[in-house]
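Thanks, everyone. Please bring the model up on your screens. I'll take the loops, the cavity and the charges in turn.

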Amino acid sequence: MTTAPTDHLCSNDFTEGSFRPHGMFSCWMEGALLVWEARGPFNLEALQAFSRTRQAAFARWRLDDQPLAAVMHWVGSALMSPEAFALYERAFEAFIVSRHNYVAVAWVGGPEVEGLDFMRPRFAPLFDRHGLAFPVF
């Protein structure tokens, strides 16, 4: 389990609407790395909050004008509903076009993380389309 530093953002702080997100994302900076901890499984509302959290992270740490790698540490489950993944894909496409500073996205998760092997081939084409390295550890 990763412990978030004091200066971090949490998707629970970016929820909207009356339906509660299932799943949570936290992020912080470690040097030049944007580190995420994802606790799933995830529904559509969790991915909506994730998108707002990512926007807030880029604004807070002024990441728009620098090359950036992100590390996603999965806890519990990486599974998300088809609607949640479709939203992630649409939001990522819009995000990467407006701020193409990502150079790599790495996933970290042990064999106990439900759905990691299932979700990896769904994300890989998305990252590949934008030339992002995508190692999984």
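Helices here are DSSP runs of at least four residues, strands are runs of at least two, and both are numbered from the N terminus. With that naming, Asn101 sits in the loop between H2 and S5. One caution before I go on: this is a predicted model.

Let's stay with Asn101. Is Asn101 buried or exposed? Its relative accessibility is 16%. The cut-off for buried is under 20%. So Asn101 counts as buried.

What does Asn101 touch, beyond residues up to four places away in sequence? The list is Leu63, Asp64, Asp65, Gln66, Pro67 and Leu68. Now compare Ala124. Asn101 and Ala124 are 23 residues apart along the chain. Their C-alpha atoms are separated by 18 Å.

First, Pro41. Pro41 lies in the loop between strand S3, residues 33-39, and H1. A cis peptide bond joins Gly40 and Pro41, with omega at about 20°.

Next, Arg62. Find Arg62 in the loop between H1 and S4. Its phi is near 50°. That is a positive value in a residue other than glycine. Arg62 has a relative accessible area of 71%, so Arg62 is exposed.

On to the cavity. How many cavities of 30 Å³ or more does the structure hold? The count is 1. The largest cavity has about 150 Å³ of space. Its lining comprises 16 residues. Closest to the centre are Phe50, Met72, Tyr88, Val105 and Phe127.

Which elements give two or more residues to that lining? Three helices do: H1 (44-60), H2 (82-98) and H3 (116-129). So do two strands, S4 (68-75) and S5 (102-108). By class, the lining has 15 nonpolar residues, no polar ones and 1 charged residue.

Now Phe85, in helix H2. Phe85 has 14% relative accessibility, so Phe85 counts as buried. Set aside neighbours within four places in sequence. Phe85 is then in contact with Met80, Met119, Arg122 and Phe123. Take Met119 from that list. Phe85 and Met119 are 34 residues apart along the chain. Their C-alpha atoms are separated by 9.3 Å.

Next, the charges. Side chains of opposite charge can pair when their charged atoms come close. How many salt bridges does the model have? The count comes to 5.

Start with Arg60 and Asp7. They form a salt bridge, and the closest N and O atoms are 2.8 Å apart. Arg60 lies in helix H1, while Asp7 is in the segment before strand S1 (9-10), so this pair ties together parts that are 53 residues apart in sequence. Both partners count as partly exposed: Arg60 at 41% relative accessibility, and Asp7 at 38%.

The second pair is Arg39 and Glu37. Here the closest N and O atoms of the salt bridge are 3.1 Å apart. Arg39 counts as partly exposed, at 25% relative accessibility. Glu37 counts as buried, at 7%.

Arg129 is partly exposed, with a relative accessible area of 49%. Glu89 is partly exposed too, at 28% relative accessibility. Glu93 also comes in here: Glu89, Glu93 and Arg129 are linked in a network of salt bridges.

Last stop: Arg54, in helix H1. Arg54 is buried, yet has no salt bridge. Where is the nearest side chain of opposite charge? It belongs to Asp64, 9.9 Å away. A salt bridge would need nitrogen and carboxyl oxygen within 4 Å.

So what does Arg54 contact, neighbours within four places in sequence aside? Trp36, Tyr88, Ala91, Phe92, Phe95 and Tyr102.

Notes:
Residues are numbered from 1 along each chain as its sequence is written. This is a predicted model: local features need pLDDT of at least 70, side-chain atom pairs count only at pLDDT 80 or more; totals for chains, interfaces and linings use all residues. Side-chain values use heavy atoms; hydrogens and water are left out. On a 1 Å grid over the protein atoms alone, a cavity is a set of points where a 1.4 Å probe fits but cannot get out, and a pocket is an open set with protein on both sides within 12 Å along at least five of seven lines; lining residues have an atom within 4 Å of a point. Grid points are joined across faces, edges and corners, and a volume is the space filled by probe spheres set on the points. Ala, Val, Leu, Ile, Met, Phe, Trp, Tyr, Cys and Pro count as nonpolar, Asp, Glu, Lys and Arg as charged, and the others, Gly among them, as polar. Buried means under 20% relative accessible area, exposed over 50%, partly exposed in between (1.4 Å probe, protein chains only). Contact means heavy atoms within 4.5 Å. Lys and Arg count as positive and Asp and Glu as negative; His and the chain ends are not counted.
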